[in-house]
Amino acid sequence: MAIKKFVEFAVAEHRQPQAFLISEKDYLELRGADGKRRKKAVLTDDEMMELIRLLPESWGNVVKISRVFGVRPMGDRVHHARQ
């Protein structure tokens, strides 16, 4: 999982708090029981622009930011760093 590698790098290379690290137990929970890759639906650039055009402006902006920065919602799986 990319976030696990990212926080490991942040702690090791940039002196971030160890509380940011994701434990093996939490990693397995976040990854899911089977850990199998799921088939993903990928929109083309034209499809994405059409989606943004059809959304209210505020939601279109959210989609634009998500697309540019790769931000995705976590849904009900929120992970909080432990102190």
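Predicted model: local features only at pLDDT ≥ 70, side-chain atom pairs only at ≥ 80, totals over all residues.
Okay, one definition before we start: "buried" is under 20% relative accessible area, "exposed" is over 50%, and "partly exposed" is whatever falls in between.

The protein has four helices and zero strands, and from the N terminus on it simply goes α-α-α-α. Of its 83 residues, 16% are buried. The protein exposes about 7,800 Å², and carbon and sulfur atoms supply 57% of that. If you take the contacts between residues at least 6 apart in sequence, 39% of them join residues at least 24 apart.

Now, salt bridges. How many does the structure hold? Three, and I'll go through them.

Let's start in helix α1, residues 2–14, where Lys 4 and Glu 8 sit four residues apart, about one turn of the helix. Their closest N and O atoms are 2.8 Å apart, and they form a salt bridge. Is Lys 4 buried or exposed? Lys 4 counts as buried, because its relative accessibility is 15% and the cut-off for buried is under 20%.

Next up, helix α3. Arg 53 and Glu 50 meet through their side chains in a salt bridge, 2.7 Å from N to O. These two are three residues apart in α3, so about one helical turn separates them. Arg 53 is exposed at 56% relative accessibility, while Glu 50, at 34%, is partly exposed.

And then there's Arg 67 again. Its side chain meets that of Asp 45 in a salt bridge, at 2.4 Å from N to O. Asp 45 lies in helix α3, residues 45–54, and Arg 67 in helix α4, so this pair ties together parts that are 22 residues apart in sequence. Asp 45 itself is exposed, with a relative accessible area of 54%.

On to the surface. Ile 65, Val 68, Phe 69 and Val 71 make up a nonpolar patch there, with about 440 Å² of accessible area together. Val 71 belongs to the segment after α4, which covers 57–69, and at 47% relative accessibility Val 71 is partly exposed.

Last one: Arg 31, in helix α2, residues 24–31. Which residue has its C-alpha atom 7.4 Å from that of Arg 31, though 30 residues apart along the chain? That's Met 1. Arg 31 is partly exposed, at 37% relative accessibility.

Methods:
Residues numbered from 1 in each chain as written. Heavy atoms only, no water. Patch = residues over 30% accessible without salt bridge, like charges linked within 9 Å, V, L, I, M, F, W, Y side chains within 5 Å. Areas by Shrake-Rupley, 256 points an atom, 1.4 Å probe, with all protein chains shown as cover. Salt bridge = Lys/Arg side-chain N within 4 Å of Asp/Glu carboxyl O. Buried < 20%, exposed > 50% of the residue type's maximum accessible area, 1.4 Å probe, protein only. Contact = heavy atoms within 4.5 Å.
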